[in-house]
Amino acid sequence: MHLNALIVKISRMINFILLASLLGLVSGTRVDISDYKNHPCIRKCHENDVMTCKYNFTVEYYYTLSKACYNCPYNKTDCQRPHCVAANGMPRAIVVANRMLPGPAIHVSKSIKIEIKGIAVVPVCVCKGDIVQVDVFNRMETGEGLAIHWHGLRQIGYQHMDGVDMITQCPIPKGSSFQYKLVLRFKVIDEGTHFWHSHTGVQRGDGLFGAFIVREPTDVHEGLYDFDLPEHVISINSWYNELTIEMFNSLYHTENISSLNPDSILINGKGRYKEFQAPNTNDSSFTPYEVFNVELGRRYRFRLINNAIANCAVQFSVDNHTLIVIATDGNPFEQIDVESLNVFAGERFDIVLTADQGVANYWVRVRGLGLCQNSVAFQQAIVHYEGASMENPDGPSGYWHGARTGKNS
């Protein structure tokens, strides 16, 4: 073969490899952003029915209201499309797993064995004895590393898997995957509502977090509720209208403390903030609220998680409904009836809501305290009774309408 022909052939091979790498066709660089809603491991569990459940996940910089959102928020159906992250309507970069905000939740049963290859950021519905393998690839273009911390789980005997970068592990470098091998022997201390989040820089403030729910086969409070559903996990986070590092840089280099005041709050990655004007009609449109569906007369267990990056506690309430608080940070206690409860950053609470009001829609109100109060940050969601119209509740909106004084005041 002539030298020139050989050079051309090698050049073509190099170009193919580069193109394949960009398209994610080369082993080790494949991009998998499935939501795994139809994963074969999502099934009814039977004795001795053990499966190996495999998943692949990508952590990357992404963008709100990307082209995946089509005509959102003018067409609300488009806001529900796969990989559409509407957030509060403000365009900004985010850091996410599988182009979801929050990241996929983990739902497991107590005492299952888990082997994690990578970082488990997956919606897992598995059975006792199943093995879960997750390949995670760091595709953040900035070159930064990452590590995932399992907030609320005591890694007794597995401290090196706790996910605190530069303490229990080195960050996972850009362009590589990392193999976590971890057996989570869920003792009583590990059951309940927890969450995972990045423990590197301020990535969790930009969207890299998700729920981690450990369910006990027998629950001391199971007589208080009829349903404990994955869709009734409520992840709350403070939200800036630009990357979180911009806020911290402003604080450190200008001593402008007000720069840390969050602009907004999100409930399961959703909420209203920016008003959009339709180009042809000038009608107002907003990004959608999160909606929690209930049926009259039923009792529902809700799991609250506050992932606030700032010093931003929140006051949580549901219009016209009493909340029965039954657990905090995975620890059950004697039930307490409240009108509202305050949830600080990192805290989790389990509550029971009885759908005992008229068939209608009711505001879920999250009112920011601390730094969030400085900026009057709040957010709302909707409890939708089956049979009610798909409209916003009749009650007023706004920060101060979420203020509660307590049942006994």
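**Salt bridges in a predicted model**

Tutor: D219, D228, R301, R303 and D350 are linked in a network of salt bridges. The model is predicted, so that local features need pLDDT of at least 70 and side-chain atom pairs count only at pLDDT 80 or more, while totals for chains, interfaces and linings use all residues. Residues are numbered from 1 along each chain as its sequence is written, and side-chain values use heavy atoms, with hydrogens and water left out.

Student: Why is the pair R301 and D219 called a salt bridge?

Tutor: The term requires a side-chain nitrogen of Lys or Arg within 4 Å of a carboxyl oxygen of Asp or Glu. The closest N and O atoms of R301 and D219 are 2.8 Å apart, and the pair therefore qualifies.

Student: How do you know whether R92 is buried or exposed?

Tutor: Buried means under 20% relative accessible area, exposed over 50%, and partly exposed in between, with a 1.4 Å probe and protein chains only. R92 has a relative accessible area of 2% and is therefore buried. D206, with which R92 forms a salt bridge, also counts as buried, at 3% relative accessibility.
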